[in-house]
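Work through the exercises below with the model open. Try each task before reading its solution.

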Amino acid sequence: MMKSSLEGKVVLVTGASKGIGKGIARIFAKLGAKVLLVARGAQEGERAATELRECGGTAAFQPGDVTNLASMQRAAAAAVEQYGGLDILCANAGIFPSAALADLNEVQWDAVFDVNVKGTLFSVQASLPYLQKSDAGRVIVTSSITGPITGLPGWSHYAATKAAQLGFIRTAAIELAKYNVTINAVLPGNIVTEGLQDLGEQYLNQMLATIPLKRLGTTDDVGYAVAFLASREAGFITGQTIVVDGGQVLPESLQAVSN
Ligand code: NAP
């Protein structure tokens with residue numbers, strides 16, 4: 001049987017205490033990687049790391065806030081201290097509050113940009129000194145279909161951040177190439193997470209009706225796409241994206257998904 005190329009690799013996942021980040025951490029642990037879970041809330045984060053260890057994985061939690069560079073530097077250093085290096089960063093932490101464009105204020109705008117865009121930059125900057133030392137450094141950013149491909153009323157600020165992440169990776173890919181570090185993004189559609197469930201049943205049902213594969217996504221669906229981009233086999237792919245959405249971006253009309 002082929003061994004996973006991720007076995008023994010050290011992975012830092014931001015926003016890993018729940019939702020997609022927790023799912024990404026679970027897939028890496030399952031494939032034999034050593035995983036450092038990062039989020040602000042220690043209770044949920046510790047619980048998520050404990051769950052992974054109880055399933056036989058190698059995992060630990062480190063509190064960290066992606067909007068604070070020093071905090072992310074401490075998190076990256078903790079991965080190195082605990083596991084001896086850092087090979088893979090999953091810059092996943094993100095928030096998605098909604099606000100109609102007419103009411104959107106500066107505080108709301110800045111809050112979403114702080115976490116989703118500045119947080120991506122700080123996560124990469126903090127990890128870079130260690131990723132450079134890896135023989136196959138990898139960064140995988142969690143963007144979204146919302147912004148890069150689709151539009152969704154109420155989420156103009158969020159959509160702008162998710163498109164900004166793609167602008168970021170395209171230039172970062174060129175700058176990081178000299179260190180043999182790749183950077184790519186996954187673009188999830190509607191994935192069942194605590195954050196998505198907070199948007200309510202009506203939202204979830206409306207989304208479900210637009211997905212050709214007729215189900216919402218799971219965090220495993222995203223986790224396996226991220227694991228592929230992190231693998232040795234994906235070493236010649238950089239500055240690219242994988243859409244993980246059950247075909248949601250494809251229909252040209254309601255009729256196309258009505259059967
Ligand atoms: P979620 O269930 O709300 O989880 C968010 C995670 O991020 C939590 O672990 C949270 O923990 C952490 N976090 C929030 N602010 C942080 C900060 N400043 N520093 C560090 N960690 C922080 O969200 P999700 O649905 O899994 O979404 C995760 C990512 O996927 C986001 O980037 C989102 O844009 C993207 N995405 C999600 C969907 C979807 O359908 N769910 C679709 C497309 C894209 P703390 O609050 O304790 O810090």
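**Exercise 1.** By about how many helical turns are Lys-118 and Asp-114 separated in helix α4?

Solution. This is a predicted model: local features need pLDDT of at least 70, side-chain atom pairs count only at pLDDT 80 or more, and totals for chains, interfaces and linings use all residues. Residues are numbered from 1 along each chain as its sequence is written, and side-chain values use heavy atoms, without hydrogens and water.
- Step 1: Lys-118 and Asp-114 are 4 residues apart in helix α4, so about one helical turn separates them.
- Step 2: An α-helix has 3.6 residues a turn, so residues three or four places apart point the same way.
- Step 3: The two form a salt bridge, with the closest N and O atoms 3.4 Å apart. (A salt bridge is a side-chain nitrogen of Lys or Arg within 4 Å of a carboxyl oxygen of Asp or Glu.)
- Step 4: Lys-118 has 32% relative accessibility and counts as partly exposed. (Buried means under 20% relative accessible area, exposed over 50%, partly exposed in between; 1.4 Å probe, protein chains only.)
- Step 5: Asp-114, at 31%, is partly exposed.

**Exercise 2.** Find the parts that the pair Glu-51 and Lys-22 ties together.

Solution.
- Step 1: The side chains of Glu-51 and Lys-22 meet in a salt bridge, 3.2 Å from N to O.
- Step 2: Glu-51 lies in helix α2 (residues 42-54) and Lys-22 in helix α1 (residues 19-30), so the pair ties together parts 29 residues apart in sequence.

**Exercise 3.** Describe the salt bridge of Arg-215.

Solution.
- Step 1: The partner is Asp-221, and the closest N and O atoms are 2.8 Å apart.
- Step 2: Arg-215 is partly exposed at 41%.
- Step 3: Asp-221 is partly exposed at 26%.

Note on methods
Helices (H or I, at least four residues) and strands (E, at least two) are DSSP runs, numbered from the N terminus.
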